[in-house]
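Please keep the structure in view while reading.

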Amino acid sequence: MAAEIVNPRTESSDGSTGQEGNGEPLNSLGAPDSFDPAFALHRGGKMAVQSTVPIRDKDDLSLAYTPGVARVCTAIAERPELVDDYTWKSSVVAVVTDGTAVLGLGDIGPEASLPVMEGKAILFKQFGGVDAVPIALACTGVDEIVETVVRLAPSFGGVNLEDISAPRCFEIEKRLQERLDIPVFHDDQHGTAVVTLAALRNAARLSGREIGQLRAVISGAGAAGVAIAKMLVEAGIGDVALADRKGIISAGREDLTDVKREVAGFTNKAGITGSLEDALAGADVFIGVSGGTVAEEAVASMAEGAFVFAMANPNPEVHPDVAHKYAAVVATGRSDYPNQINNVLAFPGIFAGALQVRASRITEGMKIAAAEALASVVGDDLAADYVIPSPFDERVAPAVTAAVAAAARAEGVARR
């Protein structure tokens, strides 16, 4: 069986199509007579499940179900590894959330998170050819989530954690990967980091510099900010400092969580203290994953030829019009500006590559390989308004898939 993208405008049981006058919820303007296409598109959900084999007659039925299925079950019982060959397990991902950090909406609960999880699943299929199943959990405790996912894991070839609030997301991912022999990937962390690194590599190439020559400042020390910092350090960044609501994270602060204390140990080699604005003076790179606002004066204080990646949605930390006054390269998280840092450039290909070789985990090397492959798609077309390809560039997923599969084999986590 496989997840299928279906026409969301299919008639419902009462014959309605979700058009104006058929009882859709009020749109964001609250006008009862105005049509909101988002509700029409979502009516009935965005996904379905379809069979990959025909059931046309009793012979087909006897093979797909009893008695034929019993022979396959017996073989798997005797040789458990055959489950990857004779079920969908090795080609399907569980998209798991508890609804506590959904997009920019915050803790809206599992039911309200389902439209996003369905969306994630169809992006897996559309951009990576990977089947995915949305799973919204009615629990938020770390132990509960870990135990639930471990019990669901026999049905899946990988687990994509989605929209789980920090700092719990770090521990949940770590514990699940320790207990499972399939890839566990928190996209809010690593997908964002992969695409950011790819864009930064190309921005540096455009300016004739190496990443090792750059000093970066990250606004936001949540899931994405921490993962970006780790990946930039792994990639050889000259220096990187993170700022939370209380200022720059440094070893001297006594109010740090365990995660931030760990971050302080491998970032901010310059020993900068004070505010985000203090750190931006002379910095080469600004990376925003906080949703805050950065004053124009602070952007103006950055080094000549700086890069501004203001990725908060829908309102970037630095408006692109302001950023362009001072920065050589500007990127956002929005699709209506050039250089969109969009996770869909990474996670479909990363999982496709990992599943292709039946990897037991997704390593740092596989993530770095994904970033390098993504950056390479831009090639000779590199320009200030084109340091990262479009999600609709058909070269993206195959390039990332191949690079991740090769890295998995090189790192010894591939099983075929």
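Contact here means heavy atoms within 4.5 Å. Axes are lines fitted to C-alpha atoms, and angles between N-to-C directions run from 0 to 180 degrees. The model is a predicted one.

Two packed helices are described by the angle between their axes and the distance between the axes. For helix α6 (residues 142-152) and helix α7 (residues 168-179), the axes come within 10 Å and cross at roughly 35°. This crossing of α6 and α7 is right-handed. On the side of α6, the contact is made by Val142, Asp143, Ile145, Val146, Glu147, Val149 and Val150, and on the side of α7 by Arg168, Glu171, Ile172, Arg175, Leu176 and Arg179. Sorted by class, the contact between α6 and α7 comprises 7 nonpolar and 6 charged residues, with no polar ones.

The model also has an open sheet of 6 strands, with mixed pairing and the order β9-β8-β7-β10-β11-β12. Its edge strands are β9 (247-248) and β12, each of which pairs on one side only. Helix α8 (residues 187-206) packs on this sheet and touches β10 (285-288), β11 (306-310) and β12; the direction of α8 makes about 160° with that of β11. At one end of the strand order, strand β8 (residues 239-244) and β9 run antiparallel and are joined by 2 bridges. Here Asp244 has Gly247 of β9 as its bridge partner. At the other end, β11 and β12 pair in the parallel sense over 5 bridges.

How many of the 6 residues of β12 are buried? The number is 5, so β12 is largely enclosed by the rest of the structure, although β12 is an edge strand. Thr332 is part of this strand, which spans residues 327-332. Buried means under 20% relative accessible area; Thr332 therefore counts as buried, at 1% relative accessibility. Ala310 stands opposite Thr332 of β12. Leaving aside residues up to four places away in sequence, Thr332 touches Ala310, Met311, Pro316, Pro320, Tyr337, Pro338, Asn339, Gln340 and Ile341. A polar atom of the Thr332 side chain also lies 3.0 Å from the backbone nitrogen of Arg334.

Asn339, among the residues that Thr332 touches, is found in the loop between β12 and α14 (347-356). Asn339 is buried, at a relative accessible area of 5%.

Most residues other than glycine have a negative phi, and most peptide bonds are trans. Asn339, in contrast, has a positive phi, near 60°. Asp163, likewise not a glycine, has a positive phi of about 55°. Asp163 lies in the loop between β5 and α7 and is buried, with a relative accessible area of 3%.

Where are cis peptide bonds to be found? One runs from Thr66 to Pro67, with omega near 10°, and Pro67 is in the loop between α2 (58-64) and α3 (68-78). Another runs from Asn313 to Pro314, with omega near 0°; Pro314 lies in the loop between β11 and α13 (320-326).

Ala270 is in the loop between α10 (258-266) and α11 (276-280), and at 52% relative accessibility Ala270 counts as exposed. From C-alpha to C-alpha, Ala270 and Arg215 are 9.5 Å apart in space, while in sequence they are 55 residues apart.

Definitions and conventions: Residues numbered from 1 in each chain as written. Predicted model: local features only at pLDDT ≥ 70, side-chain atom pairs only at ≥ 80, totals over all residues. Heavy atoms only, no water. Helix = DSSP H or I, 4+ residues; strand = E, 2+ residues; numbered from the N terminus. Left-handed = near helix turned anticlockwise from the far one by under 90°. Nonpolar A, V, L, I, M, F, W, Y, C, P; charged D, E, K, R; others polar. Buried < 20%, exposed > 50% of the residue type's maximum accessible area, 1.4 Å probe, protein only. Polar contact = N/O pair within 3.5 Å; in protein donor to acceptor, adjacent residues only side chain to side chain. Pairing = 2+ DSSP bridges.
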